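User: I've got a chain open and want to go through its side-chain pairings and packing. Can you take some quick questions?

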Amino acid sequence: MSLETDVTQTLDVKGAACPMPVVKTKQAVDDLSAGDLLEVVATDSGSMSDIDGWASGTDGVSLVDQEERDEGGETVYVHYVQVEE
């Protein structure tokens, strides 16, 4: 994946179940500045739709990309949320 902006911060919410990945993402976004890019790494498959839905309904943020990866035999879900300028 090629992002126009470098990741500003990575949020590790592995092991957290719904709704915590979204709650922690919102808290992290609140501490970022316009243009910053947050990478969220989760193990909850529901985070794919949850974070997408949250970002779609939240002013000032956009979901840039999502991907599924294998890390040492464990599936992780990676989300890139950008604070809009």
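User: Which residue does K26 meet in a salt bridge?
Analyst: D30. This is a predicted model. In it, the N to O distance for K26 and D30 is 2.6 Å.

User: How are K26 and D30 placed in helix α1?
Analyst: They sit four residues apart, so about one helical turn separates them.

User: And K26 itself, what's its relative accessible area?
Analyst: It is 41%, so K26 is partly exposed.

User: How many salt bridges does the structure hold?
Analyst: Five. One of them pairs E71 with K14. Their closest N and O atoms are 3.5 Å apart.

User: Where in the chain are E71 and K14?
Analyst: In distant parts, 57 residues apart. E71 belongs to strand β3, residues 61-71. K14 lies in the loop between β1 (9-13) and α1 (20-30).

User: Why does E71 count as partly exposed?
Analyst: Because its relative accessibility is 33%, and the cut-offs are under 20% for buried and over 50% for exposed. K14 is also partly exposed, at 36%.

User: What about R69, which residue does it meet in a salt bridge?
Analyst: E67, at 2.8 Å from N to O. R69 has a relative accessible area of 28%, so R69 is partly exposed.

User: Which residues do salt bridges with shared partners join into one network?
Analyst: K14, E39, E67, R69 and E71.

User: Switching to the backbone. Is the peptide bond from C18 to P19 cis or trans?
Analyst: Cis, with omega near 10 degrees. P19 is in the loop between β1 and α1. K14 is in that loop too.

User: Now packing. How many residues are in the largest nonpolar core?
Analyst: It has 15. Those with the most contacts inside this core are L11, V29, L38, V40, W54, V61 and V81.

User: Which elements each supply at least two residues of this core?
Analyst: β1, α1, β2 (37-42), α2 (47-56) and β4 (74-83).

User: Take L11. What is L11 in contact with, leaving aside neighbours within four places in sequence?
Analyst: K24, T25, A28, L38, E39, V40 and V41. Among them, L38 and V40 are also listed with the most contacts inside the core. E39 belongs to the salt-bridge network.

User: And V41, which core has it among its residues?
Analyst: Another core, of five residues, lying apart from the largest one. V76, V78 and Y80 are among its residues too.

Methods. Residues are numbered from 1 along each chain as its sequence is written. This is a predicted model: local features need pLDDT of at least 70, side-chain atom pairs count only at pLDDT 80 or more; totals for chains, interfaces and linings use all residues. Side-chain values use heavy atoms; hydrogens and water are left out. A salt bridge is a side-chain nitrogen of Lys or Arg within 4 Å of a carboxyl oxygen of Asp or Glu. Buried means under 20% relative accessible area, exposed over 50%, partly exposed in between (1.4 Å probe, protein chains only). A nonpolar core is a set of buried Ala, Val, Leu, Ile, Met, Phe, Trp, Tyr and Cys residues joined through side-chain atoms within 4.5 Å. Contact means heavy atoms within 4.5 Å.
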